[in-house]
Amino acid sequence: MDSDQAWTAVDDYFIEELVDQDQALLETAAGDARTTAPGIAVSPPQGKLLALLAEMIGARRALEFGTLAGYSTLWLARAVGPQGRVVSLELQEQNAAVARENLAGAGVGDRVEIRVGPAVETSAALVTEHPEPFDLVFIDADKPNNPAYLEAALALTRPGSVIVLDNVTRQGRVAEAQTAAPDVAGVRTALRMVAEDPRLDATALQTVGVKGWDGFALIYRRS
Ligand SMILES: C[S@@+](CC[C@H](N)C(=O)[O-])C[C@H]1O[C@@H](n2cnc3c(N)ncnc32)[C@H](O)[C@@H]1O
């Protein structure tokens, strides 16, 4: 068994033991095939981690950058509960349409709003609306714009909010200080912003699993 197979086998075992996925979650995951970028949604254990984090902090409002087929959105929508709200920002109308269909089918369509367009613009527009602060933010769109997304997240959260920044390892390239790769630079600049912001505290973890070598940063807004 090579490493990828072993990681997948362990994820499969964890999923079977701990991550109950009903028909709606399975159908939403399968809906991925009708998006512009199949295969890049969070894994089931990652989706459940988001939901658990949201529940642990009593999140009622979640903001997401990058909807795809709405798989992570569905985990978040369930976690915030019937009185909660999720705003998810997505570039592609095609993906938003698939996600809306999936979320409506799962019975949570009324608590999710998907805004279509470049998230740098849609998040900036959201900031001008001065909405109630979001309790949890999941940043999972194009990586070069991570710094702008973090900036928007800070304008849209409050002390106590949690921000999850996904896909931070970049196959190990994140450790390359001199990189010119825009995705890596996007992650590194965002992490530098976190490190230099006295309001924030954070850690980052590398993970392996069905998605190979991956990782996320967990950011806590203390003030
Ligand atoms: C990794 S996928 C999101 C997966 C989803 N969060 C999940 O786990 O189910 C990234 C998404 O970001 C979207 N995206 C890419 N560039 C974007 C941009 N500039 N603004 C908004 N969304 C963007 C892509 O179309 C894609 O649907």
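**Contacts, surface and backbone**

A: In this predicted model, D214 is in contact with Q46, N167, T169, L205, Q206 and T207, leaving aside its neighbours within four places in sequence.

Q: Where is the place of D214?

A: D214 lies in strand 7, which covers residues 212-221.

Q: Is D214 buried or exposed?

A: D214 counts as buried, because its relative accessibility is 6% and buried means under 20%.

Q: And which side chain makes a polar contact with the side chain of D214?

A: That is the side chain of N167, at 3.0 Å.

Q: Turning to the surface, which residues form a nonpolar patch there?

A: The patch consists of V10, Y13 and F14, which together have about 290 Å² of accessible area. Of these, Y13 is in helix 1 (residues 3-18), and Y13 is partly exposed, with a relative accessible area of 47%.

Q: Now the backbone: what is the phi of H130?

A: H130 has a positive phi of about 45°, although it is not a glycine. H130 sits in the loop between helix 6 (119-128) and strand 4 (134-139).

Q: What about the phi of R170?

A: R170 also is not a glycine, and its phi is positive at about 50°. The loop that holds R170 runs between strand 5 (157-166) and helix 8 (182-196).

Q: Are these two buried or exposed?

A: H130 counts as exposed, at 67% relative accessibility, whereas R170 counts as buried, at 18%.

How values were computed
Residues numbered from 1 in each chain as written. Predicted model: local features only at pLDDT ≥ 70, side-chain atom pairs only at ≥ 80, totals over all residues. Heavy atoms only, no water. Patch = residues over 30% accessible without salt bridge, like charges linked within 9 Å, V, L, I, M, F, W, Y side chains within 5 Å. Areas by Shrake-Rupley, 256 points an atom, 1.4 Å probe, with all protein chains shown as cover. Salt bridge = Lys/Arg side-chain N within 4 Å of Asp/Glu carboxyl O. Helix = DSSP H or I, 4+ residues; strand = E, 2+ residues; numbered from the N terminus. Buried < 20%, exposed > 50% of the residue type's maximum accessible area, 1.4 Å probe, protein only. Polar contact = N/O pair within 3.5 Å; in protein donor to acceptor, adjacent residues only side chain to side chain. Contact = heavy atoms within 4.5 Å.
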